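Subject: Structure for your review

Dear colleague,

Please find below the structure that I am handing over to you. My notes on what was found in it follow directly after the sequence and the coordinates.

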Amino acid sequence: MADHDVLIIGAGFAGLYQLYKMRELGFTARVVEAGPEVGGTWYWNRYPGARCDIESIEYSYSFDPELQREWNWTERYAAQPEILTYIRHVADRYDLRRDIDFDTRVVAMEFDESADEWAVTTDDGTRTSARFVIAATGCLSVPTAPHFEGLENFAGEVLRTWEWPLEGADLAGKRVAVVGTGSSGLQTITAIAPTVGHLTVFQRTPPYAVPAQNRPIADELAAVKERYPEFREVSRLTRGGAQCGEGLAYPPFFPDLDTDAANAELGRRWEGGGLCYQQAFYDLLLDPEANDLAAEYVRARIRDKVTDPTVAEKLTPRSYPIGAKRMCVDTGYYEVYNQDNVTLVDLTEEPLRRITERGIVAGDTEHEVDVIVLATGFDAMTGALDAIDIRSGERTLRDKWADGPRTYLGLMSAGFPNLFTVTGPQSPSVLSNMLTSIEYHVEWISNALEHLRSQGLTRMEPDPEAEDDWVNATNDTADLTLFPEAASWYMGANVPGKRRVFLPFVGGVGIYKQIGDGVAIANYHGFECA
Ligand code: FAD
Ligand code: N01
């Protein structure tokens, strides 16, 4: 008999809700969390300026009507401390901590065919067993941490956005370098530029950033609270798991608009703020012409904002379609480059050669700094699972996924019974409001476990054919889009040696829900249950 019905790995948004559901259904469950606190992403990423890019009204749990009625978000896009406070509140409100082992990392798991259970080993050498394991390990929880020659010789301080010091960092008056201009770099740069002595930004690929138009949201929140349950129902059926203020209405198709109307739509989205800019045209990531116009609109805004035309040009993305890498949401990012104390180094012109005791050498120039901030990103979607030695029979999951992940619905992988992944690869996950996708997966998995129990069954795994079909469907649909044209983390392109495969399911949250619901209703079609 296994020690637990369910072992959950990770105590971020996903793991906490999964624990709540398991308890509600009467399963014995234990959570193992590598960190010392709940929060996952929002515990680790404490860098200055960290905040969400999905509106707080939507980037929060919906499972408890009282929780969403009582909680008051202060801003349209909540900052990291507020989100972490919220997650801690959730952990305390439902008394979740008593079933969590903190500071404990799962390092290995082996499936026991004779007992239909997993033997799980943690980094303190403890072994435990569970009938089911649910990996709530996060899509962006393992840094790539690229090797920079000489980093160990640097005499100053090295900070990493993904494990910012708990006590914070005093950067006032210092010479600071930031390497990386994705969302983490961009938020850090914007937040620290006013107070550092000198800021040198090392940019390899410029992002497309749209204004957040962040603001207090007391009135908006009160209005949504009046109809929160219906509001959430709508979000679950949208493409991105959030509404962009427009419910289920489809964005216009680009060919239906003349150039003036298309530009007006882009202007409206730009003024509205946030990632909803990508919703300007339904086919923005399908039609190269639509994409070019949307990209050009942003390029023109960069030229408006940045006074030095040479710097503006360096900041202008031209090498990939807009939206094909995760867009950034900014609050004064481009304006930072008008400050006298900020220098931009374009690494495509002056490659980063090495790090010395004094600073960073790019091209022929040594940039002397006191602090280096690395904002270089994550081994997305598969990194946390690859980091665990997951074995079933003769195979490891790592080997099975060497040429790209293979899953059915992003929930399970054939040959690895009783192992579920929350927001796993080939599910909408990172292309959506993650809270919508997390809740959907947690509820789907919970219903599946209840189904097995009600039938007296102990084992579930995908039928290999159903898995093949899903893998082909996810790859084929991604190939219809412009996503594969960018060297993005969506494609695994930011990790040397990682197979380039589009990792999430591109078909949208609403369609995915209909497929997932249909599979469950059809007696878990495509799964073998025994
Ligand atoms: P995580 O929050 O990543 O939690 C996973 C947990 O698992 C971690 O605490 C980790 O320590 C633990 N873990 C991993 N492996 C092991 C192991 N082997 N043993 C034990 N523990 C393990 N998404 C959005 O939709 N909107 C946003 O605005 C947004 N902003 C983001 C901002 C940042 C800075 C980052 C990095 C990501 C952002 N995301 C956003 C994505 C974000 O990761 C998800 O929204 C969400 O927080 C993920 O929750 P999770 O519980 O699935 O994973
Ligand atoms: O990581 P990234 P991130 N030398 O991979 C550069 C979410 N998130 O942590 O583009 C020099 O986007 C790299 O350059 P290039 C969100 O989903 C959300 O910023 O590969 N540079 C890039 O500029 C996001 O997409 C928020 O050429 C190197 C940067 O480092 C995801 O997390 C905030 C390099 C990495 O950017 C990841 O974001 C933060 C090298 N060797 C995160 N290696 C919100 O706003 C990498 N780079 C909600």
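**The parallel sheet**

Strand β9, made up of residues 198-203, pairs with β12 in the parallel sense, and the pairing runs over five bridges. Please bear in mind throughout that this is a predicted model. Within the pairing of these two strands, Phe-202 has Val-345 of β12 as its bridge partner. Both strands belong to an open sheet of five strands with parallel pairing, in the order β7-β16-β8-β9-β12. The edges of this sheet are formed by β7 (157-160) and β12 (342-346), each of which pairs on one side only. On average, and with direction ignored, neighbouring strands of the sheet are turned by 20 degrees against each other.

**The antiparallel sheet**

Another open sheet consists of three strands in the order β13-β14-β15, and here the pairing is antiparallel. Its edge strands are β13 (352-355) and β15 (365-368), each pairing on one side only. Three bridges link β13 to strand β14 (residues 359-362) in the antiparallel sense. Ile-355 has Ile-360 in β14 as its bridge partner.

**Ligand 1**

Contacts to oxygen atoms of ligand 1 include the following:

- Tyr-59: an N or O atom of the side chain is 2.5 Å from an oxygen atom of the ligand.
- Trp-44: an N or O atom of the side chain is 3.2 Å from an oxygen atom of the ligand.
- Ile-54: a backbone N or O atom lies 3.5 Å from an oxygen atom of the ligand.

On its own, ligand 1 has 980 Å² of accessible area, and the protein covers 95% of this.

**Ligand 2**

Around ligand 2 there are 24 residues, and the closest are Ser-184, Gln-187, Arg-204, Thr-205 and Lys-325. This shell divides into ten nonpolar, nine polar and five charged residues. Helix α5 (residues 183-192) gives the most to the shell, with three residues.

Contacts to oxygen atoms of ligand 2 include the following:

- Lys-325: a polar side-chain atom lies 2.6 Å from an oxygen atom of the ligand.
- Arg-204: an N or O atom of the side chain is 2.9 Å from an oxygen atom of the ligand.
- Ala-375: a backbone N or O atom lies 3.3 Å from an oxygen atom of the ligand.

Of the 900 Å² of accessible area that ligand 2 has on its own, the protein covers 87%.

With kind regards

Note on methods:
Residues numbered from 1 in each chain as written. Chains lettered and ligands numbered in written order. Predicted model: local features only at pLDDT ≥ 70, side-chain atom pairs only at ≥ 80, totals over all residues. Heavy atoms only, no water. Polar contact = N/O pair within 3.5 Å; in protein donor to acceptor, adjacent residues only side chain to side chain. Areas by Shrake-Rupley, 256 points an atom, 1.4 Å probe, with all protein chains shown as cover. Pairing = 2+ DSSP bridges. Helix = DSSP H or I, 4+ residues; strand = E, 2+ residues; numbered from the N terminus. Near = heavy atom within 4 Å. Nonpolar A, V, L, I, M, F, W, Y, C, P; charged D, E, K, R; others polar. Axes fitted to C-alpha atoms, helices over the stretch in contact; angles between N-to-C directions.
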